[in-house]
Amino acid sequence: MKHIFSLFTIAILLVSCGGNQEQSVDEVIATGNLESIRKTRETIVAKQQELNNQIKQLDDEISKLDTSKKVPLITTFKATESVFNHYLELQGNVQTKQNIVIFPEMGGTLNRVYVKEGQKVYKGQLLASIDDGGLGQQVAQLQIQTDLAKTTFERQERLWNQKIGSEIQYLQAKSNYEAQQKAVNQLKSQLEKTSVRAPFSGVIDDVITEQGSVVAPGQSQLMRIVNLDNMYIETDVPESYITNVVKGKKVEVEFPILGTSIETKIRQAGNFINPANRTFKVEVGLKNKDKSIKPNLTAKLKINDYTNDNALLIPQSIISEDAEGNQYVYVVNDIKTENDKTLGVAKRVIIETGKTQGDVIEVLTGIENGSEIIQEGARSVKDGQEVSISPKN
């Protein structure tokens, strides 16, 4: 305090001298002597500089001795390493490879429909039958001729084995029997087309054509059969993720309409990039035990395309950017306690960031594990400024 009082006394004396000097300046100007005017000016400028230096000394001393000075109040958090999973978020549609409309292979009248909508059926089960138009009778007649040809061949074969008869008679009987048998098999194959059977196990979703209608092969839709067991989601993934989105990657699937979500994996990643939109297809397998998931249902996918087991994560909101495009945050160094207050010095550090997820971002370089990073108040501090750290709750 003694030192401050001395400096203050000197400042008052200098100001007083300046007051006396004011009349002298008028007198010097009145003389019209250029050399005198210049010397007077130099004297005044020198005293002004001396006053400025003394004022600065006073301000520095006040800053040291004033315990009630205001410093920015901030909050901090400690940077700690944690597991960081990044997810690629996409949208896809539920599909199944076993969802088809059954068409007849033969034309005619739809005699019987053996199933109804919602009925569970098994592979090979008879679903409907079509009038064969007399084809069954043709098969029966041809079968009689085939049986005769078979008997003739067997007798001719026994004679030939006993060296009785000619070889040509044996070969003719054999050829006739084989031809008749092939003709029967062909007609039976045609007759089998009048029976409509389930190509796979599933549920009859819709019976389209009613019993008694005339149907045409490959044109008339009979019914739709769907298997809800083997389902999947198909989506398009940008080509930039082709090295990270691969078979076996974990996927979180959310169904907004159902209000449910499941965890699954990628079961197939496409090897062809669509030149129109630069994407490749991905299939995500689904388990549908309760049959609540339906074909064409919209799903949101979160594919785990990147994982860092020792990541440093910070909120994106505390990151600033300078004129050169560098990203930076403030950390607190030299932490100490004075008068029940925790004080420290803010330091600006340039950082390099990686991937983001939600409100946090991965920091690759610039900060270390355990650093105290300014969170609230980060926008109001300056590099090298003393700060007061608010107690953590």
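## A contact at K97

The side chain of K97 makes a polar contact with the side chain of E283, at 3.4 Å, in what is a predicted model. K97 lies in the loop that runs between strand 3 (81-96) and strand 4, and because its relative accessibility is 51%, where exposed means over 50%, K97 counts as exposed.

Leaving aside residues up to four places away in sequence, K97 touches N230, Y232 and R267 as well as E283. K97 can also be placed relative to K250: the two are 153 residues apart in sequence, while their C-alpha atoms are 22 Å apart in space.

## The chain as a whole

The secondary structure of the chain comes to four helices and 22 strands. The radius of gyration is 47 Å, well over the 21 Å that the globule rule gives for 393 residues, so the chain is more spread out than a compact globule. Along its principal axes, the C-alpha trace spans about 160 × 50 × 45 Å.

Of the 393 residues in the chain, 31% are buried. The chain exposes about 25000 Å², and carbon and sulfur atoms supply 48% of that area. Where contacts between residues at least 6 apart in sequence are considered, 72% of them join residues at least 24 apart.

## Two open sheets

Strands of a sheet pair through backbone hydrogen bonds, either parallel or antiparallel.

Strand 5 (residues 108-113) and strand 10 are joined in the antiparallel sense over two bridges, with T109 standing opposite V214 in strand 10.

## Helix 4

Helix 4 (residues 167-192) has 26 residues, and the distance from its first C-alpha to its last is 38 Å, close to the 38 Å expected at 1.5 Å a residue. Its buried residues are Y170, A173, Y177, Q180, V184 and L187, and what covers them includes helix 3 (135-161).

An α-helix has 3.6 residues a turn, so residues three or four places apart point the same way.

T235 has its place in strand 12 (residues 231-238). Because its relative accessibility is 4%, and buried means under 20%, T235 counts as buried.

Which backbone oxygen does the side chain of T235 reach? The side chain reaches the backbone oxygen of Q91, at 2.9 Å. Not counting residues up to four places away in sequence, T235 touches L90, Q91 and G92, together with F280, K281, V282 and L301.

Terms used: Residues are numbered from 1 along each chain as its sequence is written. This is a predicted model: local features need pLDDT of at least 70, side-chain atom pairs count only at pLDDT 80 or more; totals for chains, interfaces and linings use all residues. Side-chain values use heavy atoms; hydrogens and water are left out. The expected span of a helix is 1.5 Å times one less than its number of residues. Buried means under 20% relative accessible area, exposed over 50%, partly exposed in between (1.4 Å probe, protein chains only). Contact means heavy atoms within 4.5 Å. A polar contact is a pair of N or O atoms within 3.5 Å; within protein, one must be able to donate a hydrogen and the other to accept it, and residues adjacent in sequence count only if both atoms are side-chain atoms. Two strands pair if DSSP finds at least two bridges between them. The radius of gyration is taken over C-alpha atoms; the globule rule is 2.2 Å times the number of residues to the power 0.38. Accessible areas come from the Shrake-Rupley method with a 1.4 Å probe; for residues, only the protein chains shown count as cover.
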